[in-house]
Amino acid sequence: MKRTVFSALALVLFFNIDVRAQQELVSDYFKRVPLEEAHVVTGESAKSEFNPTSIKVMVWNIKKTQELPWQTEFLSFGRGRELFLLQEVYPNELFINTLAVLSKFRWDMGISFRYRLMNDLPTGTMIGSKVTPLEVIVKHSPDLEPMTETPKAMTLARFAVSNRKDDLLVINVHGINFTEFGAFQRQMDQIKEEVESHTGPVLVAGDFNTRTKERTDYMMNMMKALKLEEVMFKNANQRMVAVFTPYYLDFAFVRGLKVTNAEVLGRAKGSDHKPMTLDLSLK
């Protein structure tokens, strides 16, 4: 799949194909999905509320399950986790069979686009939970990735918490990448809008694609203004960095939540990104 896609992009880059021809070529490989069709639900969760004293989370860009150790590591590192925030999900047979091992989970996927040559299989972000969400929203980035002309998808969910009148907002982020700063800013502002309108606890995490100082600074300043605290991970320096830069891509931020443990699993080889685990409780 990757070789076919790269071949198409190479034609555009190196042979200077005009805009109309580029659009036709891209449309042969990538299928945009209307926002109203971008939310897919599988599985069924067992609970209606989270326990406020313990919420165990895993955040991971899984690189479309392309690395051989992925399945073994996902099942091992994910054991006992109640909430998953996954980026670059690709529901092939391996992925579907792996999720089937985890019983009593609901999986909400936000589709970025579909691969036409791979039976229209989608890719995007996914929230998996032992708790049935009160609401799930999928947001497409206002701007498109160049060349592929596809958006990035964020998946957002609200969950009830025992003995609480307010609910937990979870935002799973995959930041737009190969674009100018303005496109990144507009996507981050989508997060800002949701957090500003929410009065309860918040978890925002994922692969932000903060590959420059300008992007990193904007994200950090925005989170600070929203009173979201950056999660400080053990082994944080083992997170993925952008190529030829010192800038990390994967982050987690919380508001109204206490972090009792947080770790980057640097020994993992199931993706180019490392999984991040968080043990949370409500303040």
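User: At what angle do helix H5 and helix H6 pack?
Analyst: About 15 degrees, with the axes of H5 (residues 181–196) and H6 (residues 213–225) 10 Å apart. Axes are lines fitted to C-alpha atoms, for helices over the stretch in contact, and angles run from 0 to 180 degrees between N-to-C directions. Helices (H or I, at least four residues) and strands (E, at least two) are DSSP runs, numbered from the N terminus. This is a predicted model, where local features need pLDDT of at least 70, side-chain atom pairs count only at pLDDT 80 or more, and totals for chains, interfaces and linings use all residues. Residues are numbered from 1 along each chain as its sequence is written, and side-chain values use heavy atoms, leaving out hydrogens and water.

User: Which residues of H5 and H6 meet?
Analyst: On the H5 side they include Phe181, Phe184 and Met188, and on the H6 side Tyr218, Met219 and Met222 are among them. Contact here means heavy atoms within 4.5 Å.

User: Switching topic: how many residues are in the largest nonpolar core?
Analyst: It has 27, and Val57, Leu83, Phe159 and Leu203 have the most contacts inside it. Such a core is a set of buried Ala, Val, Leu, Ile, Met, Phe, Trp, Tyr and Cys residues joined through side-chain atoms within 4.5 Å. Buried means under 20% relative accessible area, exposed over 50%, partly exposed in between (1.4 Å probe, protein chains only).

User: Which strand gives the largest share of this core?
Analyst: E14, with four residues. There's also a second, separate core of 23 residues, including Met58, Phe77, Leu99 and Leu265.

User: And what does Leu83 touch?
Analyst: Beyond its neighbours within four places in sequence, its contacts include Phe50, Val57, Ile127, Phe159, Val170 and Leu203.

User: What about Asp279, buried or exposed?
Analyst: Buried, because its relative accessibility is 13%. Asp279 is found in strand E14.

User: Which side chain does the Asp279 side chain make a polar contact with?
Analyst: That of Arg81, at 2.8 Å. A polar contact is a pair of N or O atoms within 3.5 Å; within protein, one must be able to donate a hydrogen and the other to accept it, and residues adjacent in sequence count only if both atoms are side-chain atoms.
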